[in-house]
Amino acid sequence: MSYAEKEKGQASDSFKRACFNWGIGRELYTAPFIWIPAGRATIQKKEREQKYFTYDCVHVCRIGSLVKIWRLYLFSYWRITIWEWQQ
């Protein structure tokens, strides 16, 4: 690793700590773990490999947040509810 990369990493970490202390992005630390069931996505298998993938895209439709994320809804491109969570 070069000296420049080390300096950049230190500056980036410092910036993130400062943003957190000012409350910028703090709610991201309260985001839930998102696991989308395979039945709600178009899963494809790569030829000649044991790997699976999807090109599906999801969009955050609603998010409830002031300091803490308490509600989150993900919708497909076709406006089908893929995943929802509320605390």
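Y73 stands opposite E84, a residue of strand 5. Strands here are DSSP runs of E with at least two residues, and helices are DSSP runs of H or I with at least four residues, both numbered from the N terminus. The model is predicted, so that local features require pLDDT of at least 70 and side-chain atom pairs count only at pLDDT 80 or more, while totals for chains, interfaces and linings use all residues. Residues are numbered from 1 along each chain as its sequence is written, and side-chain values use heavy atoms, with hydrogens and water left out.

Strand 4 (residues 69–76) and strand 5 (residues 81–86) run antiparallel and are joined by 5 bridges; two strands are said to pair if DSSP finds at least two bridges between them. In a regular strand, side chains alternate between the two faces of the sheet. Strand 4 is mostly covered, as 6 of its 8 residues are buried. Buried denotes a relative accessible area under 20%, exposed one over 50%, and partly exposed the range in between, computed with a 1.4 Å probe on protein chains only.

The two strands form a hairpin with 4 residues between them. R79, in the turn, has a positive phi of about 65 degrees. R79 is found in the loop between strand 4 and strand 5 and is exposed, with a relative accessible area of 57%. Its C-alpha atom is separated by 9.1 Å from that of V58, 21 residues away along the chain.

A positive phi also occurs at R48, a residue other than glycine, where the angle is near 65 degrees. R48 lies in the loop between strand 1 and strand 2 (52–53), and R48 counts as exposed at 84% relative accessibility.

I34 is found in the loop between helix 1 (3–21) and strand 1 (44–45). Leaving out residues up to four places away in sequence, I34 touches L72, L74 and W83, where contact means heavy atoms within 4.5 Å. I34 is partly exposed, with a relative accessible area of 35%. The C-alpha atoms of I34 and E5 are 29 residues apart along the chain and separated by 32 Å.

Within helix 1 is N21, which counts as exposed at 60% relative accessibility. The C-alpha atoms of N21 and E7, 14 residues apart along the chain, are separated by 21 Å.

The description now turns to the open spaces of the model. The largest pocket has a volume of about 190 Å³. Among its 14 lining residues, the closest to its centre are I36, R40, A41, T54 and D56. On a 1 Å grid over the protein atoms alone, a pocket is an open set of points with protein on both sides within 12 Å along at least five of seven lines, whereas a cavity is a set of points where a 1.4 Å probe fits but cannot get out; lining residues have an atom within 4 Å of a point. Grid points are joined across faces, edges and corners, and the volume is the space filled by probe spheres set on the points. The lining divides into 9 nonpolar, 3 polar and 2 charged residues. Ala, Val, Leu, Ile, Met, Phe, Trp, Tyr, Cys and Pro count as nonpolar, Asp, Glu, Lys and Arg as charged, and the others, Gly among them, as polar.

T54, one of the residues closest to the pocket centre, has its place in the loop between strand 2 and strand 3 (58–65). T54 counts as partly exposed at 34% relative accessibility. Leaving aside neighbours within four places in sequence, T54 is in contact with T42 and I43. T54 and A41 are 13 residues apart in sequence and 7.3 Å apart in space, C-alpha to C-alpha.

Finally, the chain as a whole may be considered. The chain has 1 helix and 5 strands, in the order α-β-β-β-β-β along the sequence. Its radius of gyration is 18 Å, whereas a compact globule of 87 residues would have one near 12 Å; the radius is taken over C-alpha atoms, and the globule rule is 2.2 Å times the number of residues to the power 0.38. The C-alpha atoms fill a box of roughly 45 × 40 × 20 Å along the principal axes. Of the 87 residues, 13% count as buried. Among contacts with a separation of 6 or more, residues 24 or more positions apart account for 27%.
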